[in-house]
Amino acid sequence: MATEKSGVETLQRELACSICLDYFQDPVSIQCGHNFCRACITKCWAGSVRNFSCPQCRKTARKRNFRPNRELASVIEIAKGLSFQAAKGLGSCEKHQEALKLFCEEDQTPICVVCRESQAHRTHTVVPIEEAGLDYKEQIQTRLQTLKEEREKLLGFKKSEEGRCQQHLKQTQAERQKIVSLFQQLHQMLEEKERLLLVRLKELDKTIVRIQNETVTKLSEEISHLSEQISEMERKCQQAANEFPQGVRSTLSRCKKGKSQQQVEIPLELELFLKEFSQGNSVRKMLKESKVNVTLDPDTAHPELTVSEDRKSVRWGDTQRKVPDNPKRFDTQPYVLGCEGFTSGRHYWEVEVGNGGCWALGVARESVRWKEESSHNPEGGIWILSQSVGEYWAHTSPLTTLYLSWDPRRIGLLLDYEVGRVSFFDADNQKPIFTFPPASFGGERVRPWFRLCGEDMLLQLCP
């Protein structure tokens, strides 16, 4: 009896609303899976417009959502009958003083054998009370299992939905980063274009001022000379008639009509610049027009490097070749120079770097001492971009790490000698990779520079 009563009390606690602590009245389920009386949860959420908090687990939901739980309502009705039975116990019938051994299904109440034959229960379905208890207990357990499974299913749906939303948020974040990166590159390209245009305009300003000064000086000299001739002619005209003929021929000879300075034309460089600017010349067109043919100088190649016969590619090997020593050859590092050297103009070439290995490429002053270790930065006379194990660096001082979101297969290098620019691009789409701060080459010859290492590593100069 005590065990059965304890079980009924446990069932009562399971079927009690955590707000009012009584049996659920019109039970409803909220988003997190917990159940409450409709009136209790409605009163609890009164005045809230968002972030509806569960009174039991404190999880919040954006919307005020709950649904009727009819299964739980049915279980509660059964439990109420059992509670009534437990409350009365298996004592005697108050009317007939007989043991309450039967249970009326219709009235949901325990009865005695005399009640069973009475008019009130004669037509009702009656079973032994122990059998009814076991049957209802089994029904409740089945219903409870169903409710728990439904709750687990809802929790699984909730977890799946949260995971799906997180995945979507990750995708939007990745797209956001792509857009930011793209526009940063566009901004960098536009800023670099602006800087170059302003540098060129500054140089043109100097040219125009120089031409102006030269022209004004020449015109001032001519004006002074003409003023002297005018004064001489005026003095001659004031002489007496008998003196006038004397020296006229000499005066006329000195005062012959000279060529006056013509109007100064716009410098050709300025005219071309204005034409280029008005047509909105693109980076792609500028690089195409600046392309030059670069070949490799085998006399400078380190013994571990092999230059192809056409001098358009170089391969690294782990054994040194027997090659004649000469002052130009690199001995300490696997470097090789281009044959061409530049002292003016704008020059662009492309190098296929492939995938893997370690490489570096750029330009170097010809005065760099090839037989000795030198600083691989502009202070040491070298401007280079390098890659190793998928990481990229611009060899500034200190080193600049480049965080590229892609791996270029062809690198383009632009050398603009007059403005001191060394820039690197992805040759497949003209995306800017890095531009060194403006330098002054001081009229010194600048040559292409290459380094590579790694098994079967190959650099190929594009035609």
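Both Y335 and W449 are buried, where buried means under 20% relative accessible area with a 1.4 Å probe and protein chains only, exposed is over 50%, and partly exposed is in between. I start with this pair, but first the basis. This is a predicted model, in which local features need pLDDT of at least 70, side-chain atom pairs count only at pLDDT 80 or more, and totals for chains, interfaces and linings use all residues. Residues are numbered from 1 along each chain as its sequence is written, and side-chain values use heavy atoms, with hydrogens and water left out.

Now the aromatics. Rings of Phe, Tyr and Trp (its six-membered ring) pair if their centres lie within 6.5 Å; planes under 30 degrees apart are stacked, over 60 edge-to-face, the rest tilted. That rule gives eleven aromatic pairs. In one of them, W45 and F52, the centres are 5.2 Å apart and the planes at 55 degrees, so this pair is tilted. W45 is buried at 5% relative accessibility, and F52 at 4%. Y335 and W449 are also tilted, at 4.8 Å and 50 degrees. Y335 lies in strand 11 and W449 in strand 20, so their pair ties together parts 114 residues apart in sequence. Strands here are DSSP runs of E, at least two residues, numbered from the N terminus.

Note on methods
Helix = DSSP H or I, 4+ residues; strand = E, 2+ residues; numbered from the N terminus.
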